[in-house]
Amino acid sequence: MNTINEPKGAFPYQPPTEEIKKRYREIFELKEPLKVPFPKLCFDKLLASFFVLLSLPVFLLLVVANWIEGLIIKENKGPLFFYYYGVSRGKKFKKWKIRLIKEKYIDKELQAKGDWHAYQNEWMPEARTFLGRFVKKFYIDELPQFFLILKGDMSFVGPRPLAVHHYERDLAQGNVTRKLVRGGLLGYGHIRKGTPEFGNPVYEYEYIHRYLHYSALKLLFTDLGVIAKGMLVVLKGGGH
C-alpha cells in the first residue's frame, strides 16, 4: 500500500527509543498476548452496557439528522455508519465509526476491502458533511465502539487500535504494545492528543508495565483516571 499521500496526522506514533527498550525490556520479551484481568473485563462489560443504553437516544438523533441532511443536501446523503479493519491484541476486527465525509470522497474499491485509506479524505474540510463536522468535534464518531467493547474486540483503556497497515507499520518500527493487550477507546497516551506528547510511545509501555505489575484493583484505578481525563478532552470539543 502506497502511504506517501497519507494525511500527516494519520500516523503520529513514534518508534521506541533505546531508553524505552531498556526500561521496559521485559515487555519486548513477551511472546503471547496478555490475559485480561477479570475485574477489568467485568468493568468493561458493565460500563459498556451502561453507555450503550445511554447512547441509544443519541444514535436515534444522529439517524434523523443524517437523513434530514441527506434530503436537504443530496451530496451529503449516505449511510450513518462505516467500518474499516483494525487490529486489537494482534487480532483483526471491524472497527465501526460514524461517517464524517461525503460519499464522493470515499474510495469505493478500498471501502469494499475494509481499507482505512478509503476514508483518508476526512482531513479535508470540504469533504466533511455538516453532521460530520459536529460529530468529529466532540468525538461522537467513536460511539459505536461501546458495542465493540461489549463484544470483546476492544477495552475502555488500552493502546488505540490502529488500521491494519498502521498496525503493521507500528510493529515494523519496533513497537509491540498493540499486539499484547486489547485496543482501547481511550489510551494512556491518546489522552494527550493535542499536546506535543501525543504519539510518544512511552505512555503505552508504561500502561503495559502497570498491566503486568499492578494488582487488578490498582489497574482499575489507572483505567478510571484515564477515562476521567479522556472525558475532559471530549468536553473541550477538540476533535479535528
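Tyr-139 is buried, with a relative accessible area of 12%. Buried here means under 20% relative accessible area, exposed means over 50%, and partly exposed lies in between (1.4 Å probe, protein chains only). Tyr-139 is found in the loop between α5 (130-137) and α6 (145-151). Helices (H or I, at least four residues) and strands (E, at least two) are DSSP runs, numbered from the N terminus. Tyr-139 has a positive phi of about 60°, although it is not a glycine. Most residues other than glycine have a negative phi.

The model is predicted: local features need pLDDT of at least 70, and side-chain atom pairs count only at pLDDT 80 or more, whereas totals for chains, interfaces and linings use all residues. Residues are numbered from 1 along each chain as its sequence is written, and side-chain values use heavy atoms, with hydrogens and water left out.

Helix α5 also takes part in helix packing. Helix α3 (residues 38-72) and α5 pack at an angle of about 150°, and their axes are 9 Å apart. Axes are lines fitted to C-alpha atoms, for helices over the stretch in contact, and angles run from 0 to 180 degrees between N-to-C directions. The two helices α3 and α5 are therefore roughly antiparallel to each other. Angles over 145 degrees count as roughly antiparallel, under 35 as roughly parallel, 65 to 115 as roughly perpendicular and the rest as oblique. On the α3 side, Leu-62, Ala-65, Asn-66 and Glu-69 meet Phe-130, Leu-131 and Val-135 of α5. Contact means heavy atoms within 4.5 Å.

Leu-62 also belongs to the largest nonpolar core, which has 54 residues. A nonpolar core is a set of buried Ala, Val, Leu, Ile, Met, Phe, Trp, Tyr and Cys residues joined through side-chain atoms within 4.5 Å. Within this core, Leu-62 and Phe-156 touch the most other members. Not counting residues up to four places away in sequence, Leu-62 touches Leu-80, Ile-98, Leu-131, Val-135 and Ile-140. A second, separate core has six residues, including Phe-11, Tyr-13, Val-87 and Phe-198. In soluble globular proteins, nonpolar side chains tend to be buried together.

The strands were examined next. Three of them form an open sheet in the order β2-β1-β4, with antiparallel pairing. The edges are β2 (91-98) and β4 (162-163), each with a single partner strand, so one side of each is left without a neighbour in the sheet. Two strands pair if DSSP finds at least two bridges between them. Eight bridges join β1 to β2. One of the pairs is Tyr-84 with Lys-95 of β2. Strand β1 (residues 81-88) pairs with β4 over two bridges, in the antiparallel sense. Here Gly-86 has Ala-163 of β4 as its bridge partner.

The strands β1 and β2 form a hairpin with two residues between them. Arg-89 lies in the loop between these strands. Its phi is positive, about 55°, although Arg-89 is not a glycine. Arg-89 is partly exposed, with a relative accessible area of 24%.

Leu-162 is found in strand β4. Leu-162 is buried, with a relative accessible area of 6%. Leaving aside neighbours within four places in sequence, Leu-162 is in contact with Phe-11, Tyr-13, Gly-86, Val-87, Tyr-167, Asp-170 and Arg-178. The C-alpha atoms of Leu-162 and Ser-215 are separated by 28 Å, and these residues are 53 residues apart along the chain.

Helix α7 (residues 164-172) has His-165, His-166, Tyr-167 and Asp-170 as its buried residues. These buried residues pack against β1 and β4. Gly-174 follows α7 and has a positive phi, near 110°. Arg-178 is found in the loop between α7 and β5 (183-186). At 5% relative accessibility, Arg-178 counts as buried. Among the contacts of Arg-178, leaving aside its neighbours within four places in sequence, are Tyr-13, Arg-89, Leu-162, Tyr-167, Asp-170 and Glu-204.

Helix α8 (residues 202-213) and helix α9 (residues 216-235) pack at an angle of about 150°, with axes 8 Å apart. That makes α8 roughly antiparallel to α9. Tyr-207, Arg-210 and Tyr-211 of α8 make the contact with Leu-219, Thr-222 and Asp-223 of α9.
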